[in-house]
Amino acid sequence: MFFDSHAHLDDIKFEEDRDVLIRGLLNRGVACVINPGDTIESSRAAIELAKSYPHIYAAVGIHPHNVESMLDSHIEELEQMASYEKVVAIGEIGLDYYYDNSPRDVQKRRFVDQIELASRVGLPIIVHNRDAHADTLDIIVENIDKIPGGVMHCFSGSVEMMREFLELGFYISLGGPVTFKNAKRPIEVAREVPLDRLLIETDSPYLTPHPFRGRRNDPGYVPLVAQKIAEIRGIPVEEVAMVTFQNTLNLFNIKYERDGSSMDTFVYVLGDALYINLTNRCTNRCDFCIRNENAGVGGYNLWLEREPTAQEVIDLIGDASRYSEVIFCGYGEPTIKLDELIEIAKAVKAQGGKTRINTNGQANLYHGENIAPRFEGIIDTVSISLNAPTKEEYQKLCRSEYGEDAFCGMLEFAKACREYVPNVVLSVVDILPPDKIEASKRIAEDLGVGFRVRKFVEKQDMA
Ligand code: NI
């Protein structure tokens, strides 16, 4: 599960769908969010959100953009707000010399005022610093004895600058910019930052990670930041998720306990596609199934405590057209939940989205009838894991509950799908010996369907 350490869910851009979005985060793999304030009003709004949702925490503070109109009485107001138990930091505060929306001397003075506030209330600070590295550093150094810890939010500085803040005990938070195509410094920072000082964030609604740049950001995209950092460091994303989660709890002194609300991951983003995790049930017990070893993929925990309804998934998907594909593929066989699958696929197609099912091809055996006609007009691709070129080998590898009939049933299913689905593909993994890959390819050719050799480690294609 992921912790988005910085998102502005009180922003006007969430006006239309805030409640649905926040409730849905848990089922998109994001367990917690800190919502910092940038004005008195938004600090108040942040607290309201923290009161309404168990997985939202608030920070209160006035952003350097808005300090020109800040009054001394605001400090008292913030101090009062800070006494609420789910206010975990003073922020976001700092300096912004890029926009210079407030005079620099005012920015500096109010930054110090709010550091002193943090000191009085004993809360860490969330620091915004844009093109003001030297002054930010100076102010922090001068006041370091008062500061009860902090984070450089959406850090955009160099590795050298990072080291200075690390030495002062600060955490470094990375957001969407690390995923941008032209990113340089954030990538160096992601490589060099000690893992025990790293946080992740979205800074939503801004700075949407690649490949969704240009659209509204929301905390559901924070896994893309973690996935990119994992890739840069060559470590599993699960490790980035776990470590940054724990770091956030540590810095902000949050006593996190899993509450009664659902933490099941029903949908998750990998690359530019959205995946749907409908069930953990499967008619196979494959030797190589990644479920045997891992709790999930891409840092998401895919074990479910309950299965979602179609409507829940439709709500979580939101605008389906923003994804390259919506793929039914989780820790289980999606066609077992056929009615839900059909209803969801219809909703996706109605929005102009593309649909794919990754399946073991045993749907007709499971349902006792030919279900392929139901895919007509709503499923674009059916990708069936052939896995082996003979029924004996298949059964040895996949241990289907239908025994050796599974293989034949799968081929019949592929043939049936061909009538109703534009793109039907049989796939094998690349660890199969070349002669078996060749034999598998001939099976696909004989059936008149596509063929694909997929990488064994290509985790998202485990079905
Ligand atoms: Ni922010």
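Which residues are the protein donors of the nickel ion?

A: Happy to take you through it. Please keep in mind that this is a predicted model. The nickel ion has His6, His8, Glu92 and Asp203 as its protein donors.

Now look at the geometry. The angles subtended by the four donor atoms run from 86 to 175°, which makes the arrangement irregular. For four donors to count as tetrahedral, all angles would have to lie between 85 and 135 degrees. As a point of reference, the ideal angle for four tetrahedral donors is 109.5 degrees.

Next, follow the donors along the chain, where their spacing reads H-x1-H-x83-E-x110-D. His6 and Asp203 link distant parts of the chain, being 197 residues apart. You will find His6 in the loop between strand E1 (2-4) and helix H1 (18-25), and Asp203 in the loop between strand E8 (198-200) and helix H8 (222-233). Both His6 and Asp203 are buried.

From here, let's turn to strand E3, residues 56-60. Five of its five residues are buried, so E3 is largely enclosed by the rest of the structure. Ile56, Ala58 and Val60 point one way from the strand, with Tyr57 and Ala59 pointing the other way. Strand E2 (residues 30-36) pairs with E3 in the parallel sense over four bridges, and Asn35 stands opposite Ala58 in E3.

E9 pairs with strand E10 (residues 273-276) in the antiparallel sense, over four bridges, and Val267 stands opposite Ile276 in E10.

One last stop is Thr265, in the loop between helix H9 (237-252) and E9. Thr265 counts as buried because its relative accessibility is 0%, with buried meaning under 20%. The side chain of Thr265 reaches the backbone oxygen of Asn301 at 3.0 Å. Leaving aside neighbours within four places in sequence, Thr265 is in contact with several residues, among them Met1, Asn27, Arg28, Tyr300 and Leu304.

Methods:
Residues are numbered from 1 along each chain as its sequence is written. This is a predicted model: local features need pLDDT of at least 70, side-chain atom pairs count only at pLDDT 80 or more; totals for chains, interfaces and linings use all residues. Side-chain values use heavy atoms; hydrogens and water are left out. Two strands pair if DSSP finds at least two bridges between them. Helices (H or I, at least four residues) and strands (E, at least two) are DSSP runs, numbered from the N terminus. Buried means under 20% relative accessible area, exposed over 50%, partly exposed in between (1.4 Å probe, protein chains only). A polar contact is a pair of N or O atoms within 3.5 Å; within protein, one must be able to donate a hydrogen and the other to accept it, and residues adjacent in sequence count only if both atoms are side-chain atoms. Contact means heavy atoms within 4.5 Å. Donors are N, O and S atoms within 2.8 Å of the metal (3.2 Å for Na, K and Ca); water is not among the atoms, so sites may look incomplete. Four donors count as tetrahedral if all angles lie between 85 and 135 degrees; four count as square planar and six as octahedral if opposite donors are over 155 degrees apart and all others between 65 and 115; anything else is irregular.
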